[in-house]
Amino acid sequence: MQLQGNEKKLLDLLRINSRLSAAELGRKLGLARSTIHMMLQKLEEKVIDSYTVTLKPEAESENGNIRCYVMITRDPKKTLEIEQALEKMPEVACLSTVAGSFDFIALIHADSHPHLDEILTKIAMMPGILKTETHIILSPKFDRRSCII
């Protein structure tokens, strides 16, 4: 779907704060609330997959939410099996293919360091995984969800 200028601007505003009301969005874009409702309906049918809740960092740390990125090098013959195995792991929040020295990057959520160790070991031991490199997220600075893999 080819997005128009106002649709792109609306999506940018929603990426920053999806809780803005139609009236607030309309004011920011110089459009009527009814126009915003129509644009949102069209975007929800064609482009927007979901809205989500983002916890404040202090709430995440209270719940023991440890996050990290895992870079993965894999045997190309095992790509589908690896993707399917990682998709079945609830701790793997996101998996993307990437260009460069690694093949995949995965966003992992764990509730403790021992739990994270267990997940990382499970991933490293999967058939077809040749190498992993882990980067623990210490302190997120901002997150518009479009920058998360």
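Biologist: Where is Arg74 found in this predicted model?
Modeller: Arg74 is in strand 1.

Biologist: Why is Arg74 said to have no salt bridge?
Modeller: The nearest side chain of opposite charge is Asp103, 4.2 Å away. A salt bridge needs a side-chain nitrogen of Lys or Arg within 4 Å of a carboxyl oxygen of Asp or Glu.

Biologist: What makes the pair Arg74 and Thr79 a polar contact?
Modeller: Their side chains are joined at 3.1 Å. The cut-off for N or O atoms is 3.5 Å, so the pair qualifies.

Biologist: Which residues is Arg74 in contact with, leaving aside its neighbours within four places in sequence?
Modeller: Thr79, Ile82, Asp103, Phe104, Gly128 and Leu130. Phe104 is also the bridge partner of Thr97.

Biologist: How do you know that strand 2 and strand 3 pair?
Modeller: They share five bridges, in the antiparallel sense. Pairing asks for at least two, so they pair.

Biologist: What is the order of the four strands in the open sheet?
Modeller: The order is 2-3-1-4, with antiparallel pairing.

Biologist: Why do strand 2 and strand 4 stand at the edges?
Modeller: Strand 2 (92-97) and strand 4 (129-136) each have a single partner strand, so one side of each lacks a neighbour in the sheet. Neighbouring strands are turned by 20° against each other on average, direction ignored.

Biologist: Which helix packs on the sheet?
Modeller: Helix 6 (residues 113-124) does, touching strand 1, strand 3 and strand 4. The direction of helix 6 makes about 150° with that of strand 3.

Key: Residues are numbered from 1 along each chain as its sequence is written. This is a predicted model: local features need pLDDT of at least 70, side-chain atom pairs count only at pLDDT 80 or more; totals for chains, interfaces and linings use all residues. Side-chain values use heavy atoms; hydrogens and water are left out. Axes are lines fitted to C-alpha atoms, for helices over the stretch in contact, and angles run from 0 to 180 degrees between N-to-C directions. Contact means heavy atoms within 4.5 Å. Buried means under 20% relative accessible area, exposed over 50%, partly exposed in between (1.4 Å probe, protein chains only). Lys and Arg count as positive and Asp and Glu as negative; His and the chain ends are not counted. A polar contact is a pair of N or O atoms within 3.5 Å; within protein, one must be able to donate a hydrogen and the other to accept it, and residues adjacent in sequence count only if both atoms are side-chain atoms.
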